[in-house]
Structures are given as C-alpha cells and as structure tokens.
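Here is a short briefing on one protein chain. Take a look at the model before reading on.

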Amino acid sequence: GWGAAAPPRRLCSSAASTDLDSAADSLHEPDEIDAKSVQSPALARAVRLLLAQESQGVAADAAGDALMQSVLLNPRLCDAILRFFEGQKDLVEASAGRDADAAVGESYALLIYACVKLRRLDQAFVHFDTMVRRGLEPDPRVFAALLKGCGRARQLKRGERFFESLLDANAAGARSATAYNALINMYSHQKQRPATLLPHEVSNAWRAVDRMREAGVAPDEVTYNSLISLCSRMRSADLPRAEAMHREMDGSGISPSSITVATLMQVYGRADAVPRGRAKLVEAVEAGVQVDTFAWRPLLHRAACRGDVALTEELLAQMESV
C-alpha cells in the first residue's frame with residue numbers, strides 16, 4: 001500500500017516563466033533545468049493554457065475550456081503538447097537524482113493532467129501505473145485528474161473501479177475532499193455541455209456525497225460548487241436543491257466565492273428565475289463578493305431569450321455599475 005506522503009513541491013504554473021514563447025522557457029526554474037525550446041507560438045499558448053487551468057483546478061473559466069476545445073481539434077498540436085510534457089518529465093528524471101521523488105512525481109502529475117485534458121486517458125493511466133511501480137506517491141490531484149478524465153470519456157465504471165482500488169490500497173489522499181470532489185465531478189462531466197443530465201445519471205454523484213460524509217470528510221467549497229453546478233446541468237434545473245446546498249454551505253461557515261455565485265446564477269438562469277437570481281446576486285455583491293461578468297451572463301441570457309428588453313437592459317446597466 002501507499003503510505004502518507006509529504007506534500008509535493010508544486011512545479012506548475014506558479015513556477016513557470018510567464019513567457020512560454022521564449023526559447024528558455026520551462027515548467028521549472030531556469031537555473032535548475034536547461035529546458036527545451038517551445039518553438040511554436042500555438043504550442044506555447046496551449047502549454048500556458050494547460051498550466052493555468054491546472055493551477056486553477058475546477059475554477060478554470062469557460063473561455064479557457066472553449067480554447068481547450070480548439071486545441072483538441074488539432075491532433076498534431078495535441079501530440080506536440082504531450083511531447084513537451086514528456087520531455088519535461090525526462091529532464092527532471094535525468095537531473096533530479098535519487099533524492100528528489102517529489103519533483104519527479106510532480107512532473108508525472110503534470111503529464112497525467114495533460115493527457116487527461118487532451119483526452120488521452122489510456123496514456124494517463126499508463127503513466128499513473130509507472131508512478132506506482134516506481135514507488136512515487138501520487139497526490140490527490142492525480143486521482144482527481146484521472147477520475148475527471150473517466151467522466152469525460154464516459155468510462156464511469158472504470159473510474160468507479162479506480163476509486164475503489166485507491167480506497168482498498170489505503171492510498172494517501174484517497175479519503176480527501178479532493179478525491180471525493182473528483183468522484184462527484186466524474187458524474188457531472190459524463191456529458192459535454194450543452195447536453196443536460198437525467199436524474200439517474202446524477203444519482204451516483206449524490207451518493208458520493210453521502211459516502212464522503214460517512215468517511216468523515218467534510219465538504220468544502222469545491223464540493224458545494226460542484227453540487228450546485230450539478231443542479232444547473234439537470235434537464236430541469238434543480239433550483240430548490242441548489243438553494244439548499246447554498247444554505248448548507250453558508251451554515252457550514254464556508255464563504256461563497258465568485259465561482260459559487262456564478263455557478264448559482266447558472267441555476268437561476270436555467271430555472272427561469274431571473275428576479276430571484278438578481279436579488280441573490282445583488283446580495284452577494286453587497287456582501288463583498290467580487291463577481292465578474294460570468295455571474296451576470298446566465299441572467300442576461302434568460303432575460304433576452306424571454307424577449308424582456310427592459311429587464312435585459314436593467315441587468316446590463318446593473319452589471320456595468322458594479
């Protein structure tokens with residue numbers, strides 16, 4: 001089994017150069033690694049996007065996801081991105097020495113993340129198996145990436161077997177909010193937007209929350225954001241349940257973030273409850289939550305679809321004023 005591991009040193013976007021178009025760019029500190037060049041501007045932008053989304057976790061915005069879709073339409077670019085991350089892993093392995101398992105493990109984690117984002121799930125699991133065979137400790141972010149990948153590939157049984165294997169092996173971090181949140185998100189990602197989900201398709205997500213609590217793992221902000229998002233993905237948006245999750249979140253002492261508010265507005269918009277959503281949004285702004293245009297868009301969209309010009313103009317003016 002895998003024992004408890006020290007938190008790995010992060011070598012992701014926070015450690016990357018801000019200009020990946022430069023020939024000296026690397027995922028790692030320039031004085032540690034003689035990095036390979038990123039010659040193609042398109043490749044550089046795609047790598048930067050992946051790193052930014054990895055650092056943001058589930059908070060990656062819709063624009064980033066849309067850009068990722070454009071990358072997926074270019075198989076040669078996808079291959080080049082994976083070669084870049086594989087090259088980074090090889091550089092770390094060659095340079096880190098025997099006492100730098102955390103750095104090597106992090107390079108594998110980023111490679112697995114890239115494979116999942118580029119829909120190369122089988123490759124991601126191959127790299128995961130290699131990590132385990134080498135005695136490297138995957139952290140919960142790796143589990144999360146693989147589970148989310150299973151959802152996007154609609155390989156839910158594979159994801160369920162993988163999660164159960166982590167619990168059976170008592171893997172460090174398997175019984176964490178990060179891992180359980182990923183299990184929840186696996187079910188919510190089984191269909192690409194704008195496709196909606198049916199009740200039987202999300203029932204396992206709610207059961208995962210029950211298992212999470214039974215294991216003594218407290219839901220965190222990501223948990224509640226994921227569940228509220230799940231309510232917005234239903235064929236008939238489940239506004240009562242989304243509001244219940246928001247109240248429970250508040251009762252747990254977890255302050256809603258701008259992501260929470262934006263996700264909640266998606267439910268109000270799809271439920272055609274624009275006035276209630278508007279009141280809740282104003283309440284959040286007055287409470288000091290820094291909301292952006294993403295929070296207003298679902299309400300604006302619904303008001304416009306209803307043909308309510310006056311309400312649309314009022315919402316637009318209110319958005320601009322804050």
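A residue counts as exposed when its relative accessible area is over 50%, as buried when it is under 20%, and as partly exposed in between. By that cut-off Arg-154, at 52% relative accessibility, is exposed. The model is predicted. Its protein chain has 15 helices and 0 strands.

**Whole chain**
- The protein chain has 322 residues, and 48% of them are buried.
- Among contacts with a separation of 6 or more, 67% join residues 24 or more positions apart.
- The accessible surface comes to about 15400 Å². Carbon and sulfur atoms account for 51% of that surface.

**Two loop arginines with positive phi**
- Most residues other than glycine have a negative phi.
- Arg-119 has a phi near 65°, a positive value.
- Arg-119 sits in the loop between helix H4 (101-117) and helix H5 (121-133).
- Arg-119 has 32% relative accessibility, so it counts as partly exposed.
- Arg-154 also has a positive phi, near 60°.
- The loop that holds Arg-154 runs between helix H6 (140-152) and helix H7 (156-168).
- Arg-154 counts as exposed because its 52% relative accessibility is over the 50% cut-off.

**Helices H10 and H11**
- Helix H10 covers residues 221-233 and helix H11 covers residues 239-251.
- Their axes come within 8 Å and cross at roughly 170°. H10 is therefore roughly antiparallel to H11, since angles over 145 degrees fall in that class.
- The crossing of H10 and H11 is left-handed.
- H10 contributes Glu-221, Tyr-224, Asn-225, Leu-227, Ile-228 and Cys-231 to the contact.
- H11 contributes Arg-241, Ala-242, Met-245, His-246, Glu-248 and Met-249.
- By class, the contact of H10 with H11 has 7 nonpolar, 2 polar and 3 charged residues.

**Pro-298 in helix H14**
- Pro-298 lies in helix H14, which spans residues 293-305.
- Is Pro-298 buried or exposed? Pro-298 is buried, because its relative accessibility is 17%, under the 20% cut-off.
- Which residues does Pro-298 contact, leaving aside its neighbours within four places in sequence? They are Met-265, Gln-266 and Gly-269.
- Pro-298 and Gly-277 are 21 residues apart in sequence. Their C-alpha atoms are 9.4 Å apart in space.

Definitions and conventions: Residues are numbered from 1 along each chain as its sequence is written. This is a predicted model: local features need pLDDT of at least 70, side-chain atom pairs count only at pLDDT 80 or more; totals for chains, interfaces and linings use all residues. Side-chain values use heavy atoms; hydrogens and water are left out. Helices (H or I, at least four residues) and strands (E, at least two) are DSSP runs, numbered from the N terminus. Buried means under 20% relative accessible area, exposed over 50%, partly exposed in between (1.4 Å probe, protein chains only). Contact means heavy atoms within 4.5 Å. Accessible areas come from the Shrake-Rupley method with a 1.4 Å probe; for residues, only the protein chains shown count as cover. Axes are lines fitted to C-alpha atoms, for helices over the stretch in contact, and angles run from 0 to 180 degrees between N-to-C directions. Angles under 35 degrees count as roughly parallel, over 145 as roughly antiparallel, 65 to 115 as roughly perpendicular and the rest as oblique. A crossing is left-handed if the near helix is turned anticlockwise from the far one by less than a right angle, and right-handed if clockwise. Ala, Val, Leu, Ile, Met, Phe, Trp, Tyr, Cys and Pro count as nonpolar, Asp, Glu, Lys and Arg as charged, and the others, Gly among them, as polar.
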